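Colleague: I would like to learn how to read a model like this one. Please take one feature at a time, with the general idea before the case.

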2 protein chains.
Amino acid sequence: MADPSTSPPLTRESVAAARELIKPFVHRTPVITSSSLSALASDVGAGAGPGPESEGEAGAGAGGGKAKPKAKPKLRLWFKCENFQKVGAFKARGAFHAVERLKREPGWLEGGGAKKGVVTHSSGNHAQALSLAARANGIHAYIVMPSISAPPKIAATKGYGAKVVFSGSTSVEREAVTTKVIEDTGARLVPPYDHPDIILGQGTLGLEFQEQVEAMIAEEHEKEKTTGEKGGETTRKKRKGLDAIIAPCGGGGMLSGVALSCEGTGIRVFGSEPSFQGADDAKRGYESGVRVEAVSSLTVADGLRTPLGRVPWSVIYERRLVAGFYSVSEAEIIRALRLAYERLKVVVEPSSAVPLAVALYNEDFRAMVEREAGEDGWDVGIVFSGGNVSLEALGKLFSENSEVAK
Amino acid sequence: MADPSTSPPLTRESVAAARELIKPFVHRTPVITSSSLSALASDVGAGAGPGPESEGEAGAGAGGGKAKPKAKPKLRLWFKCENFQKVGAFKARGAFHAVERLKREPGWLEGGGAKKGVVTHSSGNHAQALSLAARANGIHAYIVMPSISAPPKIAATKGYGAKVVFSGSTSVEREAVTTKVIEDTGARLVPPYDHPDIILGQGTLGLEFQEQVEAMIAEEHEKEKTTGEKGGETTRKKRKGLDAIIAPCGGGGMLSGVALSCEGTGIRVFGSEPSFQGADDAKRGYESGVRVEAVSSLTVADGLRTPLGRVPWSVIYERRLVAGFYSVSEAEIIRALRLAYERLKVVVEPSSAVPLAVALYNEDFRAMVEREAGEDGWDVGIVFSGGNVSLEALGKLFSENSEVAK
């Protein structure tokens, strides 16, 4: 990792520069839509299948009075499919950017940097992304993983050409082994989210997302002109692009990057988290003004069990580039996940279903959109962060929750 | 359904005309690739996970002699994602075309055709496709379904605005009810595959596929020029587009349409089927010269349990527009299905995994490609026909077969 003090400033322009650096290496992932999902999102309260109220959640805070009427926002949903990204997740962007920046650090390559290599102690998507980015550049990669890791995960990481170094399973043990690797090899640490180069890399998906939706809306207008056809709703204002983006928030590297990519555009960026066992740490920190530094949650959205990092916090909270946070229950996440598979036909991991669950089921979010957007409604971008999920775990999830989630 | 005698001739030009007719109503579905799947397809025999031999299939016909060496063809795979089509399957193409043709039949609209409506007794993707196409045109639709049909299927069909008419579950009972509907309402029958208008409609996916791959290969060449980068393999001949397409074959409407779309292009079209319980009826018919008229198979590829229709047969066999058929086992289908989910991150139904299974595991197919294509290899198009699958069934499939299929 390049010394953070040498990183470009955290601005929209730096995200654009990051995009140029990684362009040859990552996919411009597609943006998809579903008229049935947008209709559902605009009509969840009106009998379109069991909403949250069927589990007695609605009105829970209403003091026993009569249930509040459901919000009826107009939502047109757009999905940025980072599940189709290299290594199956947006993490490829940050990893490739970190490596490109490192290559440009004065003296690093000349000092044998490629042979010394890079190292990380994440065992998830970031580990695979870093392995791939290193291999593509002829750089050694060391991945520190607990020796009890699932064999397929170990095999996948080795498959990208990295050297797997085993450790104990606590974070103290992993960090100790990582330090040892650095001492022995001179490898440079590339953390999964808490670094400006990573944040700028992840933010590139936000720039693409904005351009793609603008182009798709322009195409819609064009089509309406030639066919005389009108979309489902009357459009009072001329729609131009996204009004908002909802992204999942774990360590916050991607959310803060996306927020940077929207700075000055007028597009509101929201964070989304599971509420289960305190996984909504970023929301609690954002609302109290004090970053929550530890999380211990076994939420089904396993990519979001991480506390918000320091650098992401500076973008998200201190600079107020994120407009707010919303959280959803495990049942809502699974229900949204099911809809992603059934309506959009894409394989996404549970963490990716969290922002969709907010759009569909979070009454605070929905009431806010109804209030702010009125009749015009909003074009809301949903970030599908990744698609790496065990099919056995998925099968179990859908079988066990078939009654709840349908 | 328009009278077949008034249908356009079964030619590539008629497929192009069909495409113009349905263009405003259907999606131009994306074509995707995966370098890891193409690598796997070019290297299945070389230890890339358990191939068929792990189940004792290889050498079964070798009379106890030493096992034949595995074929090593070079395959670059391209996937046409009709799972992203309206109603989640290619069937939307044929249904919209059938309705467009009917609207153009002299006297039909003027004679109150829209009110009389259309009717079919398929209860699968075709029923939903016809319902949607009818609704989009303000035409009544009647769908005859066995009263024992799964409630979600009934609800989905009603969701598209069709009137569901219940019948007994045998085909005799269903046809009797269909005849009654026609007598009572004057509705026109729209069969699922055995009609020229349906075949021409489905064939439109083949035209798109050809254009899309040509454009994508041209882009690759462009990229190589600017970056100096080369693809994985040395390219001796200048690649221009698809060398072959493998499509699943049930009733054969889509396969014959795709074959028409390739006529005169030099692109070879192959049919693929499950071998389980005689579901390889088209293959057996093609090889014996006599169409097999009945099939009773419970293959996991449930869209392919249908015997080949009469009109498709005339295109596929009599005009020899299909170059051959290949079949695969249930275990091979499930293994390919798993790869589609894991590597491509798309939700497809088991029938869609059949052509991929042929490319990966059918030794006859692979040896033929090695022989015909040599060092250059082939660009092979795989048709992902649809993505409508029960998540519970899928979950069960992946859990039960986790050991076999990995």
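Modeller: A:Lys345 lies in the loop between H12 and helix H13 (353–361) of chain A; helices (H or I, at least four residues) and strands (E, at least two) are DSSP runs, numbered from the N terminus. This is a predicted model, in which local features need pLDDT of at least 70, side-chain atom pairs count only at pLDDT 80 or more, and totals for chains, interfaces and linings use all residues. Residues are numbered from 1 along each chain as its sequence is written, while chains are lettered from A and ligands numbered from 1 in the order in which they are written.

Colleague: Is A:Lys345 buried or exposed?

Modeller: A residue is buried if 20 or more other C-beta atoms, placed from the backbone, lie within 10 Å of its own, exposed if 12 or fewer, and partly exposed in between. A:Lys345 counts as buried because it has 25 C-beta neighbours inside 10 Å. Its phi is positive, about 60 degrees, although A:Lys345 is not a glycine.

Colleague: Where is A:Arg320 placed, and why does it count as exposed?

Modeller: A:Arg320 sits in the loop between helix H11 (310–318) and S9 of chain A. It counts as exposed because it has 10 C-beta neighbours inside 10 Å. A:Arg320 also has a positive phi, near 55 degrees, and is a residue other than glycine.

Colleague: How many residues of strand S9 of chain A are buried, and how many bridges join S8(A) to S9(A)?

Modeller: Two strands pair if DSSP finds at least two bridges between them. Strand S8 (residues 268–274) of chain A runs parallel to S9(A), and five bridges join them. A:Phe270 stands opposite A:Gly324 in S9(A). Strand S9 (residues 324–328) of chain A is mostly covered, with four of its five residues buried.

Colleague: What is the order of the strands in the open sheet of chain B?

Modeller: The order is S5-S4-S3-S6, four strands with parallel pairing. Strand S5 (163–167) and strand S6 (188–189) of chain B are at the edges with a single partner strand each, so one side of each has no neighbour in the sheet. Two bridges join strand S3 (residues 118–120) of chain B to S6(B), and B:Val118 has B:Arg188 as its bridge partner in S6(B).

Colleague: How are two packed helices described?

Modeller: They are described by the angle between their axes and the distance between the axes. Axes are lines fitted to C-alpha atoms, for helices over the stretch in contact, and angles run from 0 to 180 degrees between N-to-C directions. In chain B, the axes of helix H1 (residues 12–22) and helix H3 (residues 91–103) come within 9 Å and cross at roughly 85 degrees. That makes H1(B) roughly perpendicular to H3(B), a term for angles of 65 to 115 degrees, whereas under 35 is roughly parallel, over 145 roughly antiparallel and the rest oblique.

Colleague: How many residues of chain A are in contact with chain B?

Modeller: Two residues are in contact if their C-beta atoms, placed from the backbone, lie within 7 Å. Here 21 residues of chain A are in contact with 21 residues of chain B. On the side of chain A that touches chain B, helix H12 (330–344) and helix H15 (391–400) of chain A are the elements that give two or more residues. H15(A) gives the most, with seven residues.
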